[in-house]
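Me: I have a new model open. Please walk me through how to read its strands and pockets.

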Amino acid sequence: MEKYQIVIAGNGEPALICTLSARNTYTDKSIAIIKTDKQNSIIEEILSSISGRFTTRLNVFYDDIRSRDHNVLHLNGGGKIEYEKLVLATGSRAIEPPIDGIQKDGVMLINKDPEQIRKIKNGALDAESIVIYGGGYIGVELCDELLRAGKKVTIIEKSKRLMPSSFDAEISNKVKEVIENSGGRVILDAKIKSVLGIDTVTGIKLSTNEVLDCDFLLICCGSRPNVEMAEKLGIIFDRDRGILVDEYFRTSDKNIYAVGDCAAKNDFFTSDLFNVLTYNSKMEEAKLLGANLYSVIFNRGKMINYLSEKRSLTDR
């Protein structure tokens, strides 16, 4: 059985940022990353560049967590890892709306990952006629950039106005006007019923029975947090909004943390759960968590800082 003091589960940048922050703060701690994605990514590139090679103090496991027994993780590959602190940075995935033919080539589901959005946008530049389904912030931003690139773009929103959860009607109407003045078409209060074409998308059929030709379909219908790991570990989660954490990113198990798109926090204004984060906020949260995994310790009713305690012990 492997033993690591800090274990971080995740494939994306929050996992990387949390790892770097923890490594810089807790130089005496061993760290392991568990990745389900076996392809070489930014995590390996950056960690290997600063570490030279992976060691017993910093390692990457290409596996998935199957279950937990107290503080021991059982992996799908049969291995076991014992931990002191476990961080879940499992992210989110794009919501796939119930549309007939959505699996055809040329149909792309958009998540909140900036790198994925950049790649898909570059692919869209090779298309002639593009439909964007989802008039939220990401959909409107993509629409604007593709129109600036000279593409024929139609954006479809199931609500009665664009960006209904972000802005009021006045701003939404102004955004619609800007898109139309740039040559784009805006269709409101409509849904995509089916994707047309044999193997590759050639058009779509709307709930109004209108048919639109297109050779590229971008679906921006939001994202859903990846909470399957929380279910395996037996910690509390909300399937639509994420893993429940407190103000210190701790889950219902105080040695397990969650950060990024997979975590659900309480909204200060609505007193309800939410998991909507900007890219910068996710990175800052991951950095903050990595630097404070051992920072708050309760000792006879008093909070002490891990680093200051460590220094005082060293000076003795």
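What follows is a short tour by question and reply.

Reply: First, the ground rules. This is a predicted model: local features need pLDDT of at least 70, side-chain atom pairs count only at pLDDT 80 or more, and totals for chains, interfaces and linings use all residues. Residues are numbered from 1 along each chain as its sequence is written, and side-chain values use heavy atoms, with hydrogens and water left out.

Me: How many helices and strands does the chain have?

Reply: Helices (H or I, at least four residues) and strands (E, at least two) are DSSP runs, numbered from the N terminus. The chain has eight helices and 25 strands.

Me: Which way do the residues of strand 3 point?

Reply: In a regular strand the side chains alternate between the two faces of the sheet. Here Ile-31, Ile-33 and Lys-35 point one way from strand 3, and Ala-32 and Ile-34 the other way. Five of the five residues in strand 3 (residues 31-35) are buried. Buried means under 20% relative accessible area, exposed over 50%, partly exposed in between (1.4 Å probe, protein chains only). Across the chain of 316 residues, 44% count as buried.

Me: Which strands pair with strand 3?

Reply: Two strands pair if DSSP finds at least two bridges between them. Strand 2 (residues 6-9) pairs with strand 3 in the parallel sense over four bridges. Strand 4 (residues 58-62) also pairs with strand 3 in the parallel sense, over five bridges. Ile-33 stands opposite Ile-8 and opposite Val-60 in strand 4.

Me: What is the volume of the second largest pocket?

Reply: Rolling a probe the size of a water molecule over the atoms shows where empty space is left. On a 1 Å grid over the protein atoms alone, a pocket is an open set of points where a 1.4 Å probe fits, with protein on both sides within 12 Å along at least five of seven lines; lining residues have an atom within 4 Å of a point. Grid points are joined across faces, edges and corners, and a volume is the space filled by probe spheres set on the points. The second largest pocket has a volume of about 1000 Å³. Of the 36 residues that line it, the closest to its centre are Asn-11, Gly-12, Thr-90, Ser-92 and Asp-113.

Me: Which helix gives the most to that lining?

Reply: Helix 3 (114-124) gives the most, with four residues.
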